[in-house]
Amino acid sequence: LCQKWANYLVPGRCVKVCGQMVKYPVDASTTGLGLKITRLEPVECPCQETQKEECICLEITENSCGDGKYVAYGKQSNGRTWMLELGPDICKLFVKGTCWKVCGAVTAPTTRGGPAKMKVTKYEKVDCPCDSGQTECYCVTVLKADCNANPPVLYTKDAKGREIKVILTSDMLRMCYLAKPGTCWKVCGKLVRLDSGEYVIYTSTITATDCPCAGSQDCKWTRGIVSYVRYANNKWQVGFKRCDGTETVYVANEDLIDITRRYKLSQYKGCAELCINDNNEIVIWKALPDQDCCPK
């Protein structure tokens, strides 16, 4: 690959690479994370990420359908504002006070506090208000926080192993900055499941709580070395040597990403902490440095 694409592997060129994330030794006591490349493809600069289609429900506050401009403005129940890019044939349907479920490619706001933009590809008129789902409370473990989003967003996992996007209000920004990866929070609000299968909570309250999250899948933490991971019988099987020297095999129902968001379970070998439930299943896990994995 290096010889074949030598003309492209120079500063200023853009390439798309695929491969497997692997750990490699930096020195005698430190390991790093790298990509073992299996495929390489030159692309135009700058690199463009594939836009993910999202679906939302919102109430229309204004529209503008003329002079070559076909847009509508709306607001979700969580206060987030949107500008919808529409076709001339449907723009006049989006009148003030109506509610719509729309899907399309999303562009981030161009100004702080400004509306996000969506180029609408699917639409359906629905009854107002848009609120759906039940107001309940959940304990979640933070995987990643995006406090620059409008509104702020936490990417989390609950005690059942579901990945949930927690949508905060603008006055919860301080909480967003405190929500570091691996911390646990009690969030209350409306939980909805989008057509894409993604879970979203529109948060009304959020408070810090102890880890791990208690729930239908209570788990206990154990530290040791992941020796192998393989897929068999529709589950991931993880060979694990505990720090007390005993060896066992745990299972995971999916290829879990560790709470630092750095590693997939299927691609990991080395020191880790696993949170195990009563069924010998891994609920969540955390990659750790190999150095001093099992202190005496």
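Colleague: Which residue lies over the face of tyrosine 199, and at what distance from the ring centre?
Modeller: That's arginine 162, at 5.0 Å from the ring centre of tyrosine 199. Bear in mind that this is a predicted model.

Colleague: Noted. What does the side chain of arginine 162 meet in a salt bridge?
Modeller: Aspartate 158, with 2.8 Å from N to O.

Colleague: And is aspartate 158 buried or exposed?
Modeller: Buried: aspartate 158 has 5% relative accessibility, and the cut-off for buried is under 20%.

Colleague: How many salt bridges does the structure hold?
Modeller: Four. One of them joins glutamate 198 and lysine 165, whose closest N and O atoms are 3.4 Å apart.

Colleague: What about arginine 223, which partner does its side chain meet in a salt bridge?
Modeller: Glutamate 273, at 3.4 Å from N to O. Arginine 223 lies in strand E13 (residues 220–232) and glutamate 273 in strand E16 (residues 270–276), so this pair ties together parts that are 50 residues apart in sequence.

Colleague: How accessible are arginine 223 and glutamate 273?
Modeller: Both ends come out as partly exposed: arginine 223 has 30% relative accessibility and glutamate 273 has 21%.

Colleague: OK, switching to rings. How many aromatic pairs does a search of the whole structure find?
Modeller: Seven. Phenylalanine 240 and tyrosine 250 form one that is tilted, with 5.9 Å centre to centre and 50 degrees between the planes.

Colleague: Why does that pair tie together separate parts of the sequence?
Modeller: Because phenylalanine 240 lies in strand E14 and tyrosine 250 in strand E15, and those parts are ten residues apart in sequence. Strand E14 covers residues 235–242, and E15 covers 247–252.

Colleague: Are phenylalanine 240 and tyrosine 250 buried or exposed?
Modeller: Buried, the two of them. For phenylalanine 240 the relative accessibility is 2%.

Colleague: What does phenylalanine 240 touch, leaving out residues up to four places away in sequence?
Modeller: Its contacts include Thr222, Arg223, Ile225, Val226, Tyr250, Ala272 and Leu274. From phenylalanine 240 to threonine 222 is 18 residues in sequence and 10.0 Å in space, C-alpha to C-alpha.

Colleague: Which residues form an aromatic cluster?
Modeller: Phe94, Trp100 and Tyr123 form one.

Colleague: And what sits over the ring of tyrosine 155?
Modeller: The charged end of lysine 144, 4.9 Å from the centre of that ring.

Colleague: Where is threonine 156, and what is it in contact with beyond its neighbours in sequence?
Modeller: Threonine 156 is in strand E9, residues 153–158. Leaving aside neighbours within four places, its contacts include Val140, Val142, Leu143, Ile164 and Val166, plus Arg162. Threonine 156 is buried, at 1% relative accessible area.

Colleague: Last one, the surface. Which residues make a nonpolar patch?
Modeller: Val17, Leu35 and Ile37, with an area of about 210 Å². Isoleucine 37 is in strand E2, residues 30–43, and counts as partly exposed at 37% relative accessibility.

Notes. Residues numbered from 1 in each chain as written. Predicted model: local features only at pLDDT ≥ 70, side-chain atom pairs only at ≥ 80, totals over all residues. Heavy atoms only, no water. Helix = DSSP H or I, 4+ residues; strand = E, 2+ residues; numbered from the N terminus. Buried < 20%, exposed > 50% of the residue type's maximum accessible area, 1.4 Å probe, protein only. Contact = heavy atoms within 4.5 Å. Phe/Tyr/Trp six-rings, centres within 6.5 Å; stacked < 30°, edge-to-face > 60°. Lys NZ or Arg CZ within 6 Å of the ring centre and 35° of its normal. Patch = residues over 30% accessible without salt bridge, like charges linked within 9 Å, V, L, I, M, F, W, Y side chains within 5 Å. Areas by Shrake-Rupley, 256 points an atom, 1.4 Å probe, with all protein chains shown as cover.
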